[in-house]
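This report walks a new reader through one structure, from a whole chain to the place where two chains meet. Please look at the sequence and the model first.

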Amino acid sequence: MEKRPCISTGQIFSMLFISKIVISMTYGSLLIGDSDIWDHLVSVPISFLLTFLIVWPIYKLFSMDKKMNIMDNIYNLIGKWGITLIFIYVIYYLVICFHTLAVFNNFISNAVNPPISITFLTFILIICSCYGAYKGLEALARTSSFILISTVFSVVFLGVSLFSGVEVINFTPLMYNGSESVKEGVIYMISQSPCIVALAVLLPMGKGNKKRGIIIWNFLVYLLFAMIIVLIIGSMGDFVYTQLFPVYTAAGIGKFGSFRHLDSLYLGVWISGIFLKLSLFFILASEGIKKVFGEKAKKISIVVFGVMMASVSCFPSFFGILKTSVTTWVLFYFLIFLSLVVPSVLIFIKFFKLKRRNNIED
Amino acid sequence: MKIKKSIFLLLFAIILLSFSGCSENSQLHQKLIIQGIGIESIENEYVLTVQALDFKNPSKEDKPSTKILEIRGNSLLNALENISKQTSLTPVYSQNMIIILSESIVKNSGVNNFIDFFIRHFEARPKVKICVVKDRASEYLKIKSEDNKVLTAKDIHDLIPSSLNSDVLHFVSNLKSGLSNSYLSWINIEDKNGLKQVHLKGVGILLEDNLVKFIEKDEALAFMVLKSVPNFGTFVVENKNLGKIICLLEKSDVKTNVNLEEGKTPKYKINLNLEISVFSMSDKLEFDFEEEIKNSIGEEFSKKITALCSEVIGNFLGQGVDVFDFGKILKNSYPKYFKKIDGDWKSHLKNCKYEVVSKVNVIITGKEPI
């Protein structure tokens, strides 16, 4: 029997919540282009409901056999031909790592501009993330508890500090210029939800009520998104559209008593979140390698992934890909294929295989 | 196991090296902590006056001494780059508190030519206050106070009330919105008994990114009331029983609503909820004063302020200038109607009707019965 890491459902969703937050915190014109941020408030409930729809096939497949993750199902149902599909999952997880690194690079170079080389900083982050991934999912889950506590405190603190600066006049009518921005918002929010695909591997590893976990996680993620939109628009108005990372700018203007310029707090939480997200997706990708090549290859693959990411980091021009709207669409279709199409096909095959077996037994 | 430990130690050493304390050797005295920036244009050149903290030559007092630099350049960015060339210090903009613009630069070249730096530079803070002056911006950062010390940027920053929203954030937000006109606080130097003093004189109004007019005195007073800025100057109210009374606005709460009249003309109702302090009165007023007198002062003040605010709003609307966010209010209340006139809002502004209603609460400072 294969030994599987076992963590609680709460820990799984803590990791996924942090992974989602780090991208939400960099929400701004770099990732959404000219889209109207205020209209994205309408995109929030739509994306919230759509997420349930997209998660459903993964959850259904899991509930058919609670010990098998998506890769086990692929291998069992499609056989050796399924290896290609497993590799597609591995590629997706690595693409997400690359995307996260691209966000990190763009953010650091534009908003922080540190005196040390950004490539060097990226190397350090990759090394730390590989180490995190090497230590395994249980260790990462324990770390996520600490990161989650500091993240929640910081988010609440930032929210309170910005609340006094909210000006109602900045809340213009929703969809004033049509529904295009709402559509763009939905595409953006869904495309930036790789956690849904991560669930395909993580669900069998967790102990506890997964259905409740999904509902609470999804609700909190989009509640936070709505809060971010209301706070940045309310406190900055049209100034938001001049900023690449408005949430970071908003953190800089927030004040709470004698506390001012809370952007440093933002940075601390954000970088720890990036570390966690990278480690998690390295682990997920290595799970695919383990399924194909075995346990030993898993640990080696983490190092290989790290080297791959570090090599890409040597060419910062690659990270400019974020500025193209194609990126969002590619991530969106990729996600739909891996979380909706593949699991649905697997459910279909599994259902017919079970039916045929039952018929034979009868 | 030994190899594993060695690898971890090596990684640990690499991480340690990345800490800024090891790699970043720039000391505080090697940095120029900018506190205030004055920008003006002389002979087609940008002239920048920078007030910064000088850690190289510390003063004998607790706080660091102030350094003033004047730098020139073909563009703002070029001038800013020249700071490090001229001083061999690294400029730090995150502690900047004020940007002083001379009238010439806002009127002639427009703000869009240089404001970008203060929006997008990674160290720029959106809450930095911004103001305009009629004379040279450099004078304000060099002016000396009574004890022969340079007036600090912090002092000038404190002169501008935060509630006036004369900061980069609101200024740029209005520029970007295309509906409301941007404005800047206007500060001025006055010579009193041979001593130069800086004070908040009024407001400079912009059309798009160019300065078009200054408002002062009663007009500025009404502007401040309508922007919920208290303590800007005093009002003199004539009372039939007491004669001239000096009133100071302690609190101003403004709520503006809009209704569409039958002919689809927007009508704004501006509700002023004010609180005034009465400081000087005639000798007739005793310690125990009647509520009736208080009410009559309130009524007189209310009449005066209502007339003044109405006049100022009328003047602005007549010139097609929207500094009181009437466009945004109409857009938020009647989006469908506003969509039809969106592109031509400024010309519709002239036809808008308005009504100012005020409610005044009078406080006789130091004489209120407990």
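## Chain A as a whole

A residue is called buried if 20 or more other C-beta atoms, placed from the backbone, lie within 10 Å of its own, exposed if 12 or fewer do, and partly exposed in between. By that rule, buried residues make up 48% of the 362 residues in chain A. This is a predicted model, in which local features need pLDDT of at least 70 and side-chain atom pairs count only at pLDDT 80 or more, while totals for chains, interfaces and linings use all residues. Residues are numbered from 1 along each chain as its sequence is written, and chains are lettered from A and ligands numbered from 1 in the order in which they are written.

The C-alpha atoms of chain A fill a box of roughly 70 × 45 × 35 Å along the principal axes. Two residues are in contact if their C-beta atoms, placed from the backbone, lie within 7 Å, and of the contacts in chain A with a separation of 6 or more, 85% join residues 24 or more positions apart.

## Where the chains meet

In chain B, 23 residues are in contact with 23 residues of chain A. By class, this side of chain B has 10 nonpolar, 6 polar and 7 charged residues, where Ala, Val, Leu, Ile, Met, Phe, Trp, Tyr, Cys and Pro count as nonpolar, Asp, Glu, Lys and Arg as charged, and the others, Gly among them, as polar.

## Around one residue

Leaving out residues up to four places away in sequence, B:Leu101 touches B:Ile39, B:Val106, B:Ile130, B:Val132, B:Ala137 and B:Leu184.
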